[in-house]
Amino acid sequence: MENDSWWTAPAESEDGHLIMVTGRRDVARFRSNPRFSIRVEVSWKYDTDDPSGMPDTETSRLMEEVQEALQTTFRKDPVAVLTGIFTGDGRRDWVFYTTSTHIFGRKLNESLAHLPLLPLEVYCENDPAWEAYDEMSQAEIKLD
């Protein structure tokens, strides 16, 4: 990730646990394209003994490998853009906006094919106004 294109801020889950939120700043060219109207959340629930709710080192390394694979794939074929990452309380969520759930699913599988089977869940919703992105961005505003 290019650091100047991203921000990170602490937030809290509904039950008060720490969630680290990382958001992408440079989304204007995607957001202005009405085809990027589908929000996709790829979630990985993990067990943790850490009181902070963060993943252990081994899980964290594998998550970073997954993230790099996804970012590489969508850099080459920009049918989706990673806009946010939420980590904590036994879960990591990668949030994308895409033009097609069918193509996104195919690219997701292609990008992760070299890795072991992962406990990922995928949720999709229409969000043409990027309301969820705006809500996430409130965490950055609180930093200022």
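Visitor: Is arginine 92 buried or exposed?

Guide: In this predicted model, arginine 92 has a relative accessibility of 7% and therefore counts as buried, the cut-off being under 20%.

Visitor: With which residue does arginine 92 form a salt bridge?

Guide: The partner is glutamate 64, and the closest N and O atoms of the two are 3.1 Å apart. Glutamate 64 itself is partly exposed, at 39% relative accessible area.

Visitor: How many salt bridges does the structure hold?

Guide: The structure holds 11 salt bridges. One of them joins arginine 31 to aspartate 134, with 2.7 Å between the closest N and O atoms. Because arginine 31 lies in helix 1 (residues 28-31) and aspartate 134 in helix 4 (residues 131-143), the pair ties together parts that are 103 residues apart in sequence. Arginine 31 is partly exposed at 30% relative accessibility, and aspartate 134 is partly exposed at 33%.

Visitor: Let us turn to the aromatic rings. How many aromatic pairs does the structure hold?

Guide: There are 7 aromatic pairs in the structure. Among them is the pair of tryptophan 44 and tryptophan 94, which is tilted, with 6.4 Å from centre to centre and 50° between the planes. Tryptophan 44 lies in strand 3 (residues 38-45) and tryptophan 94 in strand 5, so the pair ties together parts 50 residues apart in sequence. Tryptophan 44 is buried at 5% relative accessibility, and tryptophan 94 is buried at 0%.

Visitor: Why is the pair of tryptophan 130 and tyrosine 133 edge-to-face?

Guide: The angle decides, since planes over 60 degrees apart count as edge-to-face. The ring planes of tryptophan 130 and tyrosine 133 stand at 70°, with centres 5.6 Å apart, so this pair is edge-to-face. Tryptophan 130 is buried at 0% relative accessibility, and tyrosine 133 is buried at 8%.

Visitor: Which residues do ring pairs link into a cluster?

Guide: Ring pairs link Phe74, Phe96 and Phe104 into a cluster.

Technical notes
Residues numbered from 1 in each chain as written. Predicted model: local features only at pLDDT ≥ 70, side-chain atom pairs only at ≥ 80, totals over all residues. Heavy atoms only, no water. Salt bridge = Lys/Arg side-chain N within 4 Å of Asp/Glu carboxyl O. Helix = DSSP H or I, 4+ residues; strand = E, 2+ residues; numbered from the N terminus. Buried < 20%, exposed > 50% of the residue type's maximum accessible area, 1.4 Å probe, protein only. Phe/Tyr/Trp six-rings, centres within 6.5 Å; stacked < 30°, edge-to-face > 60°.
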